[in-house]
Amino acid sequence: MSQDELKKLVGYKAVDDYVKSGMVVGLGTGSTAYFAVERVGQKLQSGELTDIVAIPTSVRTKEQAESLGIPLVTLDTHSKLDVAIDGADEVDPELNLTKGGGGALFREKIVEIASDKFIVIVDESKICNGLGPGFPIPVEIVPFCHEHTMRIIGSLPSCDGGKCKPVLRMGSAANNKVDGDEIAVTDNGNYIVDLHFDEPIKDPKTLASELKNVVGVVEHGLFCGMATAVIIAGSDGISVKEAP
């Protein structure tokens with residue numbers, strides 16, 4: 001099975017298993033979440049689901065949902081969600097996540113933290129023993145004095161001793177490859193710093209707290225203790241890991 005076929009399997013399964021009529025649903029962002037959004041649209045069209053409203057986590061998810069006829073609302077009118085479904089860039093054994101490779105980490109987190117259930121959908125390549133080395137940790141920062149904020153982040157205790165290298169995202173905000181000369185700008189008008197680690201982060205919760213305390217940081221891509229379940233597609237089928 002191709003990676004896209006695996007993503008489609010978990011995206012569809014998450015909607016089939018967790019989304020019921022009458023729910024408020026958070027729609028994630030990215031190549032795996034795309035298939036979950038597609039499935040919600042299909043089931044609304046067929047009449048299998050009714051009375052669904054959804055909250056998108058990015059401009060591109062909003063556009064996809066609108067094209068599928070999914071009724072959209074915002075947190076301003078619906079502060080509590082029944083379920084949110086989204087992908088992840090890495091998942092550790094405790095179900096801590098790295099998210100934000102696609103640049104939507106702030107909107108993803110504000111929606112997913114307001115959900116009764118947060119269902120994470122990944123293929124097996126995203127499962128790791130420790131967050132950090134396999135995928136840089138994205139941090140959304142305000143543009144004002146961004147170089148100063150990057151220096152402060154690089155000097156945090158969890159980043160100390162050259163364990164982590166902050167790199168400003170360039171080009172498109174939707175991936176962490178350098179694909180342009182301009183600084184990448186998020187849907188919120190902010191910049192992203194990707195933290196490159198050589199070794200696994202010893203305590204993701206501590207780093208999360210340190211980052212959140214930096215003036216100039218809007219949000220970071222460590223989603224600790226948030227996942228209800230992770231649906232994993234692998235070569236030998238689908239497995240589900242539930243939070244303890």
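Me: Which residues lie nearest the centre of the largest pocket, and how many residues line it?

Reply: Gly30, Ser31, Asp89, Gly101 and Gly102 lie nearest its centre, and 22 residues line this pocket. A pocket here is an open set of points on a 1 Å grid over the protein atoms alone where a 1.4 Å probe fits, with protein on both sides within 12 Å along at least five of seven lines; lining residues have an atom within 4 Å of a point. The model is predicted, with local features needing pLDDT of at least 70 and side-chain atom pairs pLDDT 80 or more, while totals for chains, interfaces and linings use all residues. Numbering runs from 1 along each chain as its sequence is written, and side-chain values use heavy atoms, without hydrogens and water.

Me: Why is Ser158 called buried?

Reply: Buried means under 20% relative accessible area (1.4 Å probe, protein chains only); Ser158 has 18% relative accessibility, so Ser158 counts as buried. Ser158 lies in the loop between helix H5 (146-154) and strand S8 (164-168).

Me: What makes the pair Ser158 and Glu210 a polar contact?

Reply: The limit is 3.5 Å between N or O atoms, one able to donate a hydrogen and the other to accept it; the side chains of Ser158 and Glu210 are joined at 3.0 Å.

Definitions and conventions:
Helices (H or I, at least four residues) and strands (E, at least two) are DSSP runs, numbered from the N terminus. Buried means under 20% relative accessible area, exposed over 50%, partly exposed in between (1.4 Å probe, protein chains only).
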